[in-house]
Amino acid sequence: MITVHHLNNSRSQRVLWLLEELALPYEIVRYQRDPKTMLAPATLRAVHPLGKSPVVVTDDGQALAESGAIVETLIERYGNGRLAPIAGTPDAVRYRYWLHYAEGSAMPPLLLKLMFDRIEKARMPFFAKPIARAIAGKAKSAFILPQIRQHLNFMEGELGKNEWFAGDGFTGADIQMSFPVEAGVARGGLDAKRPKLMAWLERIHARPAYQKALERGGPYGLLT
């Protein structure tokens, strides 16, 4: 039995979705974020030294971390030709690119946006507020927001070539890309002005496996 160490409002929701797409049996061990810090509980360190989620323990007892590596490994082991293009094809190259792009390039500016938004809202001595807000505002306007726009425009353009990120068929790359695109809606300004991305979101939300994963994983809302 596959075990998913699942943190609320996190990347581990993608793993539940993948397992539903593969129709694999699994069990969930749930963890809740600290309501003040929004960090994962220390108990996750007993599963993986970094104390991050997702962590998946496979049926042979091997612990897997990093969502991209989890997606790729589970599809290789259990996919039987599903959710990945044929090796050696151009779509296979695109597939691997998007698996890595999701966290390597798309998420960093979105994470920075989250951090600097919190700095602007944080409680601090009154004399420090104008300074902190000025620094945060400058960082966002000069670097973070232009980076987010650049990435969203890039994704929009790529979805203008194919219905799915790795080609004409739905793959694990679309599962991996769900988190940065959802984050783009939550805090990156993604809306109907980029219709290809919004239509892609509608398609993934309509998938029965996506909906089943939400039922099993619980309410899902990205941090803002």
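P54 is located in the loop between β2 (26-31) and β3 (55-57), where helices (H or I, at least four residues) and strands (E, at least two) are DSSP runs numbered from the N terminus. The peptide bond between S53 and P54 is cis, with omega at about 10 degrees. The model is a predicted one, in which local features need pLDDT of at least 70 and side-chain atom pairs count only at pLDDT 80 or more, while totals for chains, interfaces and linings use all residues. Residues are numbered from 1 along each chain as its sequence is written, and side-chain values use heavy atoms, with hydrogens and water left out.

T3 is placed in strand β1 (residues 2-7). At a relative accessibility of 10%, T3 counts as buried (under 20% relative accessible area; exposed is over 50% and partly exposed in between, with a 1.4 Å probe and protein chains only). The side chains of T3 and E27 are joined by a polar contact of 2.8 Å (a pair of N or O atoms within 3.5 Å; within protein, one must be able to donate a hydrogen and the other to accept it, and residues adjacent in sequence count only if both atoms are side-chain atoms). Apart from neighbours within four places in sequence, T3 is in contact (heavy atoms within 4.5 Å) with E27, V29, V55, V56 and V57.

The axes of helix α1 (residues 12-21) and helix α7 (residues 208-217) come within 8 Å and cross at roughly 125 degrees. Axes are lines fitted to C-alpha atoms, for helices over the stretch in contact, and angles run from 0 to 180 degrees between N-to-C directions. α1 and α7 are therefore oblique to each other (angles under 35 degrees count as roughly parallel, over 145 as roughly antiparallel, 65 to 115 as roughly perpendicular and the rest as oblique). On the α1 side, the contact is made by Q13, L16, W17, E20 and E21, and on the α7 side by A209, Y210, K212, A213, L214, R216 and G217.

E21, in helix α1, is buried at a relative accessible area of 16%. A polar contact of 2.7 Å links the side chains of E21 and R207. Leaving aside neighbours within four places in sequence, the contacts of E21 are R82, L83, F170, I175, R207 and A209.

A23, in the loop between α1 and β2, has a phi of about 55 degrees and is exposed, with a relative accessible area of 64%. N80, in the loop between α2 (67-78) and α3 (90-121), has a phi of about 50 degrees and counts as exposed at 71% relative accessibility.
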